[in-house]
Amino acid sequence: MTTVRLGTGIGWRPEIADAVEAMPGVDWIEAVAENVCPGHLPDSLLRLRERGVTVVPHGVSLGLGDAGRPDERRLTALAERATALGSPLVTEHIAFVRAGGPLTASPGIEAGHLLPVPRTRDALDVLCENVRIAQDALPVPLAVENIAALFSWPGEEMTEGQFLYELADRTGVRLLIDVANLHTNHVNRGEDPAKALAELPLEALAYVHVAGGVERDGVWHDSHAHPVPPAVLDILTDLASRVSPPGVLLERDEHFPPPAELERELDAIRRAVEAGARVRGTSTPERVREPAAVGPVAEAARERLALAQTAVLSSLVAGTPVPEGFDRTRMRVQARALAAKRADVVAKVAPELPEILGDGYRPAFLAYARTRPMTGGYRQDAMAFVDQLLSSRRPEDPRARRELRAWWLDRSGPRPRAHRPATRLARATRRALLRR
């Protein structure tokens, strides 16, 4: 597989679209795949493409590390975005994002976040098969990213480097190495980033992510909302001393600074790569990796992984007991982080809710999220939250409750309610009769 030389890039987000277009020295960009509609590409992306800037779709919801096989509709959507953007590759994460379902004969639940897969033989076998399924469905090569984790699985059988080496060896998949995530795992799980880099198959490197974070609740959070710390740049330099990275990209998802600050971070990234190159001296020749011949995964392995992942996710999002062997303090931190992220995203997709509920929105949502896992997307989560509030006759303010009920009714039917009183009355009567 030929390596695509990308250069220095930045994550494209609507909030900084104008700044990215005007930024000098940006060779390529990455767009969150789920936020791009193939038939209605943002004008900013179209202009960048016309200028010859490469655009790579970066998926966040496929769940390659789930016990179940990848959803065909999600794969089709990812393939459509790669085609629409004329991308040379697509990327996703080595993570599980949902659990339950047919393999466990239990309701499906969503994490709304990227969670670590156990580094076990069962999980590796399932991941390899899921990656091969995705590779077969995509029109361009796939690269997969290591994630940051707040907790570790007990009884793991491999280091991260060994796990990723075998994944690349068995599937031929490219690797997207996030050096910020290596730093996060160093702080949170005591894993040496230099040892991880030494074990990785760097000849399979597609490109590198660089991002900032923050320490909170005694752990490092990969926030993508803070400046890149020196420790992350040091890991980037170490990586660049071992291999010439085909591409390096700055990620920023929230609390966007002025464009000049983003440009300074890009310059710091370039300097870190140049420092590594001086140590390396010469580029590492690319080795062509052919996937190893392996048979299908035994369904029993998927079932064992499904049960383990469901127990973990249920403890994080539904208040069930933490499985034996996990660090309960870290699991509580992760549970709070998941609930906080749900509250933040629901506030973005349904901005009327914080307006109606005011300061009461966040505590009310966190109380709801404590025992009610997300079973669909964030819009469905918003509807379920409001339904729960109204069912318990909250909020206490009658005016706020009327506004909340009007919001819910406008979105609970196949089309928005008409504003004519007679039509609204007819629909309300119909709903009442149907309930009977």
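Q: Against which elements do the buried residues of α9 pack?

A: Packing is judged by contact, meaning heavy atoms within 4.5 Å. Buried stands for under 20% relative accessible area, exposed for over 50%, and partly exposed for what lies in between (1.4 Å probe, protein chains only). In this predicted model, the buried residues of α9 pack against β1 (7-12), β9 (205-210), α8 (230-242) and β12 (247-250). Helices (H or I, at least four residues) and strands (E, at least two) are DSSP runs numbered from the N terminus.

Q: On what conventions do these values rest?

A: Residues are numbered from 1 along each chain as its sequence is written, and side-chain values use heavy atoms, with hydrogens and water left out. The model is predicted: local features need pLDDT of at least 70 and side-chain atom pairs count only at pLDDT 80 or more, while totals for chains, interfaces and linings use all residues.

Q: Which residues of α9 are buried, and which exposed residues lie on the face turned away from them?

A: An α-helix has 3.6 residues a turn, so residues three or four places apart point the same way. In α9 the buried residues are L262, E265, L266, A268, I269, A272, G276 and R280. They cover an arc of only 155° around the axis, which puts them on the same side of α9; the arc is that of the directions from the helix axis to the C-beta atoms. The face turned away from the buried side carries the exposed residues R264, R271 and R278.

Q: What span should the 22 residues of α9 have?

A: The expected span is 1.5 Å times one less than the number of residues. For α9 (residues 259-280) this gives 32 Å, and the end C-alpha atoms are 32 Å apart, which agrees.

Q: Is G112 buried or exposed, and with which residues is G112 in contact beyond its neighbours within four places in sequence?

A: G112 is found in strand β6 (residues 106-115). At 17% relative accessibility, G112 counts as buried. Beyond those sequence neighbours, G112 is in contact with V97, K341, M374 and Y378.

Q: Over which residues does pLDDT stay under 50?

A: pLDDT is the predictor's confidence in each residue, from 0 to 100. The mean for the chain is 91, and 91% of its residues reach 70 or more. Over residues 430-436, however, pLDDT stays under 50, and the model has 3 contacts for them beyond four places in sequence.
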